[in-house]
Each structure stands twice: as structure tokens, then as C-alpha cells.
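Subject: The structure, and what turned up in it

Hi,

Here is the structure I promised to pass on to you. Could you open it alongside this email while you read?

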Amino acid sequence: MKATSRPGWRRIIAGCCWVAVVGLLPAQAYQYTLSWTNPQSHTYTVDLQTTPATGGYTDFQVPAWRPGRYYIQDYAAAITGFSAADASGEALAWKKIDNNTWRVTNPRGGDIAIRYGAFANTMDAGSSVLSNEEAYFNPVNFFLHVRDRYAAPCTLTVASMPPEWKAATALKRDKGAHNVFTAADYHDFVDAPTILSPTLKTLHSRIGETDFYFHFQGEFPDDKEVEDAYQTNMGQIIREQAAIFGGLPLSEYHFIYHLLPYNMGHAVEHKFSAAFAMPDQVATSPAAIARLNSISSHEFFHLWNVKRIRPAVMWPYNYQDEAHTTLHWFTEGVTDYYTSLTMARCGLYERQVYFNILARTVAALENNYAAQVVSPSQSSFDSWLDRSEYGIPYHRISYYTLGSRVGMLLDLEIRRRTEGEHSLDDVMMDLWREHYEKDRGVGEDDVQRAVERVTGGDWQEFFTRYVHGTESMDYAEVFESFGLQWIEKEQTGLGLQRLGIPRLKETEYGLLIPNVLPGTDADEAGLGGGDVITEIQGISALAWDAKGFFGEFKGPAKLEMKVYRMNVDEPLTVTWTNRFVPKTYGIKELKKPKKKQVQMLESWLGSKQ
């Protein structure tokens, strides 16, 4: 691209260059300036000054993905109006060499500076927004860095931030300026979601030696009862999780909430903070605040699991390349297991409520064909394919749910094999000591090795069957050791799902089949995704009483249908054999448990504080 002069930059660049000359900026540091002129355009302006890379050019890159969401997100699409200059303000030639990289010809001497716009109008916990009401940004979305230069300290000056605006961020605040923020390196910088707004509400608690800040942007009532309920509950959650690891590994932490006037539930973990986008109804009363507690419990446990106990392929992060790991079942799924376990241990969930949550997790998998063909480790590794439009519909399954079940089974099985002497808590602490404290990531087999260190036994079969395989454990046997009864019942009130059709969509012509599960009655009869059932037993498919039929008969039975496909109505006979029987599951405490069973249950669900 042809270089052009930018006289309007001369004053900005000269000022930045003066700072570099007098030595206030460390070598290779990043000096960012964020500004905006028309917030309703949803476009930030970013200026970056830094030292050039060695050689004839410097490659500037924007991340292609962010930690916590493991697929390519193409943040570069939001970048516009890129330009570059030397310390005197003279333009430098540049060209874009791939989706995320701008290559700038190096100046003859001194610093290099770039400027660009960044469009920001996506409201969720991992994106950015600029409006009249706030400046909200996840730095990973649009702050460029020099290729492979991650260790450089960062300074951010928000030139357009009014003095009366407040900040919700884990970035360090410059004591001498309301709008200057710093981070130790690029990793910490892009890991710090930030809200700047005149209407932020912030609560504060000190737990142990750690300061906790709870920031709310949106409708949080001026109600001390709601505030007290929230902070009391969060204090219990924080203490309960900290007890597993023997304390808190940081001096300051921020919970950053967007409370929105519509339904949304999204959250992202960070090293020193967590960001949330939630409906504002969650803050209307002490009872409603419980929804905030649960999702906050999940994100806070990530302080240890994934932000510090982290897969080796992400140690350190590389924001350009896919980081394939089989461990998302552990980093996300086991975190999900601890989410509700924490709530039960600290008394925010009654035990029967907790048992119902566990039973629903099992039901979501046992009644899901995908859980029979996709293992927790495979689901983890294939996360980078999640957004593909070519994905097999009946193979879609979450490593959150798969991993939550593995976490539960692993915890209970460790307790059973060691007769209550050890648990998954000990495995988490072992990983903390052997990996995070030794400054190294967790290898693909290191979770199994940690379990074996803790228990002194061989766990290869367990991991082969339940982590790398798709087998189901004998739930009744597992729960019996804890004085719990496992209950299985055939689901009632189901219709054509009995044939192996997970869901149907009503259309004006009939019932549209999105997909059919392999090996089921519908599959063997020749039904497939895209078919429209127009008639059943001579009656319009929209009027036929499927629930009544399947509730009355136990099968086998033949169903005569008409199916519309390829612009033609075809007759088709489906033989229902009752081979696909979804079930409901439940867990209840035995009325007369044995002493050892009571001890095992208390060891599992009792508070660790």
C-alpha cells in the first residue's frame, strides 16, 4: 500500500516520542491510547506506540481467538482505517499479509506508531461495545501487538474518558491520572475486560487478604437487602472454593456484571476478574440474586482451573494459532461440577436440589445419542470445529456436560477407592502444586497422573472408558456408597421422539424432521433430516395424537405415514419397537443409611471452610 503523510498525527507522535527519548517507557513497551469522537458510530480509535521489531519490518497482529472460547473468532474483521508513522509523523508503508497481520516497514530510527479504528457493538461477556452510555471493551478483541511480543508491559491512556466516569477493570490504575491504566504484560492486558461509565455501581468486600470488587453496569437497585444478600452469598462461595486450595492466590479480584433489560446469560473467566452479561431481573430481590451466585461460582473456580491450572498447549497463550487439547472436559466440565458442588457445600443449595442437578446432568447425556459416540476428550479436541455449518447434528454435545459428569464420577470413585481418605479436591491441589507453582502447563495425560499420585492406584481403565471412551458407569453402585438411592424411570408423555426423532418443527405442511438418530426405528424405516411428515395413520400429522398413542401402547406397532421429500409425497411404514426409551433419573437419600455411608456423604458435601 502506498504511504501517505498524516500531518494530524504529528502532535500525538511527537509527544509519544518524547516519552521514549526521556526513558519513561521500558524497551519494547506498548503505549496505547484509546479515544472516540462519535460513540454512536460504535467505533474506537486506537493509537499504539512501540519499538520496531528487528529487521526491515514489524508485524502487528490482532488475536484470532480468546481464552475461554476455543474457536477462531476473526476479530480482525472489526479493524478499519489502519495507518502507520515514524516518530516525526511521516507515514510508513504497510501491507496486510494475512487475516490478522499488518506488516509495517520499519522507520530508520526511533519508535513506530500505528493508528486504526475498531468497530465495537456486540454485547456479551467476551466482546466490546461503544455507546453514549459506556465504553466497554475486552482488549483481546482489538488491541494489536507485535508478533510474538507478549512480555512487554502495557500502558493504556483513555483520552476520551471524562473525569467523572468510573472504571470496572482489573487493570492497575495510575494514581496520578483518572484515565491511565497499566498491565505487567500483553497477556494480563488482554485478559482484563473493562467498563468505563458514569453509572457504574461498585460494592467491596475484603476476604482474608484479598479485596473483592463487585461492579454493576445497569439496573442494580439501591436496596441494602439485595446488596447484603449478594455479598453474603458471594463471601460463602469464595471462602468455600478457597478452602480447597488453602487460600486465595491474589490480592485483588473483580466481578464485572452487565445487567441488561433483556434475557441473556453469558460469562467469561479471567486471571484477576470475571465478566458477565445477565438480565437485570437477577438483581431485583435477595431471592433472584441466586442466579448470579451460581454463574459467579463457575467463573470464580476458573481462577484456579484454567487460568492457572492450564493445559500445556496454552502455556503461554498464543492468540493466533488453534491450541488443540483434550482437556476442556476438565477445565470447563470439572469447573461446572464444582459450580454446584460449591453451592451445596456452603448451604446455598439444599441437598435435594443438588441431587436434582446431578440427575439432570446424567439425563442430558444418557438420553443423548451424541454421548454414545463422542467422548469427553474428543469433544474437547474438536472445540475448534464447533461453528462449522457442516457439523453432524446428532453429534453435537458439550464438553461442559460431558466433563461435569466425569468430574462427579471421578470424585465419587476416588472417595470409594480410598474409603473417603482422598477426593477430587486433592487432585486439584496436586495439579496446583505440580504444575502452576512449578510454572508449567498440564499435559494431556497429567490429570490421570495426578489422580494416580493422590490415590496410589492405576486409573488407566477409568480414563479409557469414561474420558476417552463413551461408556456409562453403574450409577446405582456409585451412589449407594454415599447412602443415596439411584432412581431410573421411563419418560412419559413423549410422542414421536419414541421413534428416534429428537425434535420436530411444525410447518403449514406437516412436521419437519431436523435429524434422525442412527440405529433407531425412524432411521431403519428410512426417515431422515429434511423430511416432512404430512400424515400418520391417515390423519394429518399436525392433528394426530402422538402422545396419546405412545402413552397407550407399549409396542411393537406399525405406523403408516406419508412423507414429503424431493417435492413428492411418499408412503412409508415405521415399525415402532420401543428400542429408544428416554428415561428420567433421580437421587434420594436412603431412609436408614449406614454409618460409613453417612460419613462418606458428609465428607463429600460438607463445608470445607
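Below are some notes on its pockets, its sheet and a few of its packing contacts.

First, some ground rules: this is a predicted model, in which local features need pLDDT of at least 70 and side-chain atom pairs count only at pLDDT 80 or more, while totals for chains, interfaces and linings use all residues. Residues are numbered from 1 along each chain as its sequence is written, and side-chain values use heavy atoms, with hydrogens and water left out.

**The largest pocket**

The largest pocket has a volume of about 720 Å³. On a 1 Å grid over the protein atoms alone, a pocket is an open set of points with protein on both sides within 12 Å along at least five of seven lines, whereas a cavity is a set where a 1.4 Å probe fits but cannot get out; lining residues have an atom within 4 Å of a point. Grid points are joined across faces, edges and corners, and a volume is the space filled by probe spheres set on the points.

Lining this pocket are 32 residues, and Asp-382, Ser-383, Asp-386, Ile-397 and Tyr-399 lie nearest its centre. By class, the lining has twelve nonpolar, eleven polar and nine charged residues (Ala, Val, Leu, Ile, Met, Phe, Trp, Tyr, Cys and Pro count as nonpolar, Asp, Glu, Lys and Arg as charged, and the others, Gly among them, as polar). Strand 19 (266-269) and helices 4 (290-301), 5 (328-345), 8 (376-381) and 9 (399-417) each give at least two residues to the lining. Strand 19 gives the largest share, four residues. Helices (H or I, at least four residues) and strands (E, at least two) are DSSP runs, numbered from the N terminus.

Contact means heavy atoms within 4.5 Å; axes are lines fitted to C-alpha atoms, for helices over the stretch in contact, and angles run from 0 to 180 degrees between N-to-C directions.

**Cavities**

The whole structure holds four cavities of 30 Å³ or more. The second largest cavity has about 50 Å³ of space, and its lining includes Trp-329, Glu-444 and His-468. Helix 11 (446-455) and helix 12 (460-467) each supply at least two residues of that lining.

Helix 6 (residues 351-366) packs against helix 16 (residues 595-605) at about 80°, with their axes 13 Å apart. The two are therefore roughly perpendicular to each other (65 to 115 degrees counts as such, under 35 as roughly parallel, over 145 as roughly antiparallel and the rest as oblique). Arg-351, Tyr-354, Phe-355 and Leu-358 in helix 6 meet Leu-601, Glu-602, Trp-604 and Leu-605 in helix 16.

Happy browsing!
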